[in-house]
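Hello,

Here is the structure I promised to hand over. Have a look at it first, and then read on for what turned up.

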Amino acid sequence: MNMMAARAVLAFLIIGTSLSGCSFLPGFETCEGTELSVAELDQLPALDLRPKGAVSVGGGPWAGADCVDDTTGAWLSATRFYAYGGTRKEVLEFYGREAPAAGWHPVDDLDLGPDGRVAVFCFESSDRPSITLSFDTPEMLREVYGMEPHPASLLGVEARTWFSWSAEAELDGSRISC
C-alpha cells in the first residue's frame, strides 16, 4: 500500500469514529458490558434526595440511567428531572443541607446568582460518583432534552422551578470528579 493510501485509510478511521461516536480505536472504552454498573448507578440512594413537593418528571431519553459513548470515551450517567413549586433558592438550600448529610459535599460555593441563569452545582464524595444539581430553563428542557416544560401540571404541582439531579461515574461505577 502506498503512503497516500495509508494516510487516507487512517484519516477515514479517525474522522469516521469521531463523527459516529464509535470507540473501536485502541485506547477507547465502550459501553459494552456495562449493564450491571448502569443499574447500580441508577439505584444510588442519593439520587432519591429531593425537596418535599418536588415531582419527578420522568420519560424522555435523558431520564433514568445509561452508558454514554461518544468521541471522548464512555461513562455512566443517571438523571432525575423534577418540577417544583418553590424557588431555586429553596432547592439549593435543600441540597446544601441534605447532600452533605448523605456524604456529598459541594465543590464550589453554592451561590445561586441571578434568576434566569442556567446554574450547575457539583457535589463530590470521596469514594462515590459525583452528583450534579442543574437548574434548566423550560426552553432548554424543550431543546436539549426533548421534554415538554410543563408536564408537572398534569402531576398536580405548579412548576416554578425545573431542575435535574444526576450522577456520573466511570464504567466500573467508580468516582468521576466534578
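Among contacts in the protein between residues at least 6 apart in sequence, what share joins residues at least 24 apart? The share is 70%, where contact means heavy atoms within 4.5 Å.

Before the details, a word on where the values come from. This is a predicted model, in which local features need pLDDT of at least 70 and side-chain atom pairs count only at pLDDT 80 or more, while totals for chains, interfaces and linings use all residues. Residues are numbered from 1 along each chain as its sequence is written, and side-chain values use heavy atoms, with hydrogens and water left out.

The overall layout

The protein has 4 helices and 7 strands, in the order α-α-β-β-β-α-β-β-β-α-β from the N terminus. Helices (H or I, at least four residues) and strands (E, at least two) are DSSP runs, numbered from the N terminus. Of the 178 residues, 37% are buried; buried means under 20% relative accessible area, exposed over 50%, and partly exposed in between (1.4 Å probe, protein chains only). The accessible surface comes to about 10,200 Å², and carbon and sulfur atoms account for 56% of it; such areas come from the Shrake-Rupley method with a 1.4 Å probe, and for residues only the protein chains shown count as cover.

In soluble globular proteins, nonpolar side chains tend to be buried together. Here the largest nonpolar core holds 30 residues, and Tyr95, Phe123, Leu133, Phe163 and Trp165 touch the most other members. At least two residues of this core come from each of α2, β3, α3 (88-101), β5 (119-124), β6 and β7. Another core, of 7 residues, lies apart from it and includes Phe81, Leu141, Met147 and Trp162. A nonpolar core is a set of buried Ala, Val, Leu, Ile, Met, Phe, Trp, Tyr and Cys residues joined through side-chain atoms within 4.5 Å.

Helix α2

Ser37, Val38 and Leu41 are the buried residues to look for in α2 (residues 35-42). They sit on the same side of the helix, because they cover an arc of only 100 degrees around its axis, taken from the directions from the helix axis to the C-beta atoms. The buried residues of α2 pack against β2 (64-70), β3 (73-84) and β7 (161-169), while the face turned away from them carries the exposed Glu35 and Leu36.

The disulfide

There is 1 disulfide in the structure, meaning a pair of cysteine sulfur atoms within 2.5 Å. Cys31 and Cys67 form this disulfide, with their sulfur atoms 2.1 Å apart. The pair links distant parts of the chain, 36 residues apart: Cys31 is in the loop between α1 (3-20) and α2, and Cys67 is in strand β2. The torsion about their S-S bond is about -80 degrees, so the disulfide is left-handed.

Pro129 and Ser130

Pro129 lies in the loop between β5 and β6 and is buried, with a relative accessible area of 7%. Leaving aside neighbours within four places in sequence, the contacts of Pro129 include Leu41, Trp104 and Ala167. Ser130 belongs to strand β6 (residues 130-135) and is buried too, at 4% relative accessible area. A polar atom of the Ser130 side chain lies 3.1 Å from the backbone oxygen of Ile176.

Enjoy exploring,
Best wishes

Conventions: A polar contact is a pair of N or O atoms within 3.5 Å; within protein, one must be able to donate a hydrogen and the other to accept it, and residues adjacent in sequence count only if both atoms are side-chain atoms.
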